[in-house]
Amino acid sequence: MNHRSLLGVLAAGALVLALMLAWLLRESHARALERAAESAENLAQVLQGQYTATLRRLDGSLGSIASQLQPQDLLPSPSTATQRRVALLVEPHLRRFPEVSGLYVWAADGSVIHSSRPVQAGQPQPSIAARPGYRRLRDDPSATIAFSDSILSSITGQQTVAVYVPRRDSSGRLLGVVSATLNLEYLTRGFDQLRLPDRSVVFMRRSDDHKLVIRHPLRDGDLNKPVRNAIQQHIDAG
């Protein structure tokens with residue numbers, strides 16, 4: 001066999017080897033992507049199940065409190081006897097939720113009836129009159145629950161979301177509101193133990209306005225912004 005023929009055979013062999021390596025790499029990459037997608041889907045289902053269960057329990061407790069409140073319990077400037085009666089109704093629920101840092105009852109005008117966190121002397125009485133969640137419940141008789149944006153608590157310094165449930169009369173008129181402060185850092189504290197690939201991101205967004213509620217690792221400026229980037233486009237595409 002002359003040198004030219006030998007070079008041709010070697011070249012052909014090298015081409016076949018390169019093609020085989022490319023095929024193997026592609027197959028390996030495809031399997032890796034499949035495993036990653038499966039792991040991500042499993043993780044998403046687990047996290048969704050945990051958060052859904054928490055929100056359902058919380059919604060049930062807030063609804064139970066609201067249904068037991070009488071119209072006279074929700075009048076502004078409550079008496080000491082009314083405050084004690086409402087506290088006895090509310091406080092047992094707080095012990096059931098380690099992820100909740102506060103439970104509150106508000107009058108129809110947004111003024112406070114009961115707060116599980118006592119107001120410090122000299123501080124103004126809290127009010128939710130200016131909060132979008134309260135206004136939605138006030139202005140929409142069909143609304144059964146509302147959420148705040150993700151906010152930094154001025155009391156605990158932790159990232160929180162407020163959940164609001166209305167108390168209405170038979171005509172749908174707002175009599176008062178029961179709310180809870182959900183500690184997002186409690187919900188995300190297990191993320192550091194997750195075995196996630198490098199540069200992985202775990203996030204949770206609202207289904208109504210697509211705003212980002214939780215992101216791990218946390219990045220300043222991302223929370224409360226609609227997630228309509230490439231990630232959301234992939235989700236929309238299935």
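Which residue takes a positive phi in the hairpin of β1 and β2? Gly-110 does, with a phi near 95°, and four residues lie between the two strands of that hairpin. Welcome to a predicted model, in which local features need pLDDT of at least 70, side-chain atom pairs count only at pLDDT 80 or more, and totals for chains, interfaces and linings use all residues. Residues are numbered from 1 along each chain as its sequence is written, and side-chain values use heavy atoms, with hydrogens and water left out. Helices (H or I, at least four residues) and strands (E, at least two) are DSSP runs, numbered from the N terminus.

- Strands pair if DSSP finds at least two bridges between them; β1 and β6 do so in the antiparallel sense over seven bridges.
- β1 also runs antiparallel to β2 (residues 112-115), joined by three bridges.
- Val-105 has two bridge partners to look up: Val-178 in β6 and His-114 in β2.

- Leaving aside neighbours within four places in sequence, Leu-62 is in contact (heavy atoms within 4.5 Å) with Leu-103, Val-163, Val-165, Val-178, Ser-179 and Ala-180.

**Helix α3**

- Gly-133, Tyr-134 and Leu-137 are buried in α3 (residues 132-139).
- These buried residues line one face of the helix, because they fall within an arc of 100° seen down its axis (taken from the directions from the axis to the C-beta atoms).
- They pack against β3 (146-147), β5 and β6 (174-183), while the exposed residues Pro-132 and Asp-139 sit on the face turned away.

**Gln-159**

- Gln-159 is found in strand β5 (residues 159-168) and counts as buried, at 16% relative accessibility.
- Its side chain makes a polar contact of 3.2 Å with that of Ser-150; such a contact is a pair of N or O atoms within 3.5 Å, and within protein one must be able to donate a hydrogen and the other to accept it, with residues adjacent in sequence counting only if both atoms are side-chain atoms.

Note on methods:
Buried means under 20% relative accessible area, exposed over 50%, partly exposed in between (1.4 Å probe, protein chains only).
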